[in-house]
Amino acid sequence: MILIADSGSTKTDWCVVEDGKLLRQVYTKGMNPFFQSKEEMGELIRHSLLNRMDSKQFDEVHFYGAGCIPEKIPILQDVLNTCLEVSGTVEVASDMLGAARGLCGREAGIVCILGTGSNSCFYDGEKIAANVSPLGFILGDEGSGAVLGKIMVANILKNQTSARLKEKFLTQYNLTQAEIIERVYRGSFPNRFLASTSLFVAQNIEEPEMHDLAFNAFKSFFERNVKQYDYQHHQANLMGSIAFYYKAVIREAAAHCGIEVGAIVQSPMSGLIKYHS
């Protein structure tokens, strides 16, 4: 049996697989070794995962997650080895490699993640061969939920949208300008707050100013990131909540930039199951 995990800071998707067949799927809170201690991650596995599993014995474990940078990988490997009984490989890798394997398998391609943040790489079929640094939602993260929310909120507060849309937004989210400023500049995880507001763009995508905002954000993502890879010979494959819910506008922006889009999925898990089987 193989245990495969796809983890963000918010949620982890755990799948038990045998002979290519999904036996069990469990969701827990996210595990991020950049922000969590060994003790916190071990507690989560023991009390949120194992109590919903039939066994803690596995032939292999493959964990892909946010925050799995090289210096943090041994910490998470130690946690997994301590909490589980694994006879073979315990692999810990970045969410970017998970996305690449899930979307491209063993074929080369351009891989993009569009969620709260954004990231991209060129995958050569075995490893990440090139990566443009995402830089976070202040300096980069083009096309992400956080940046969509940032641009939209700024436009609303500077009266760059209709008065009707401004009133609709402030009423729907029960926010004032002062509260928005407080949460962005003094609150914890302002990127998550801004990403949560980006849903308003999708809900009102038929409004010209919202469509143009999304189109320009995705065009910026393609121009500043994807065009640094060999896009003339490889498709761009995308995953994540933003990628999934903005499919039509993403394809429109990619066509404008001369980029061919391949798969767009919300999660890489089905591809990872195939890859590891």
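Leu139 belongs to helix 4, residues 136–139. This is a predicted model. Leu139 has 61% relative accessibility, and because the cut-off for exposed is over 50%, Leu139 counts as exposed. With Leu135 and Ile138, Leu139 makes a nonpolar surface patch of about 360 Å².

In soluble globular proteins, nonpolar side chains tend to be buried together. Now the interior. The largest nonpolar core has 46 residues. Met152, Phe169, Phe218, Phe222, Val226, Leu238 and Ile250 touch the most other members. Helix 10, residues 208–224, is the top contributor to this core, giving eight residues.

| Core | Size | Some members |
|---|---|---|
| Largest nonpolar core | 46 residues | including Met152, Phe169 and Phe218 |

Which residues does Val226 contact, leaving aside its neighbours within four places in sequence? They are Ile110, Cys112, Phe221, Tyr231, Ala236 and Ile259.

Helix 3 spans residues 95–104 and is mostly covered. Nine of its 10 residues are buried. The buried residues of helix 3 are Met96, Leu97, Gly98, Ala99, Ala100, Arg101, Gly102, Leu103 and Cys104. Gly105 follows helix 3. The phi of Gly105 is positive, near 65 degrees.

Note on methods. Residues are numbered from 1 along each chain as its sequence is written. This is a predicted model: local features need pLDDT of at least 70, side-chain atom pairs count only at pLDDT 80 or more; totals for chains, interfaces and linings use all residues. Side-chain values use heavy atoms; hydrogens and water are left out. Patches are made of residues with over 30% relative accessible area and no salt bridge: like charges are joined within 9 Å, nonpolar side chains (Val, Leu, Ile, Met, Phe, Trp, Tyr) within 5 Å. Accessible areas come from the Shrake-Rupley method with a 1.4 Å probe; for residues, only the protein chains shown count as cover. A salt bridge is a side-chain nitrogen of Lys or Arg within 4 Å of a carboxyl oxygen of Asp or Glu. Helices (H or I, at least four residues) and strands (E, at least two) are DSSP runs, numbered from the N terminus. Buried means under 20% relative accessible area, exposed over 50%, partly exposed in between (1.4 Å probe, protein chains only). A nonpolar core is a set of buried Ala, Val, Leu, Ile, Met, Phe, Trp, Tyr and Cys residues joined through side-chain atoms within 4.5 Å. Contact means heavy atoms within 4.5 Å.
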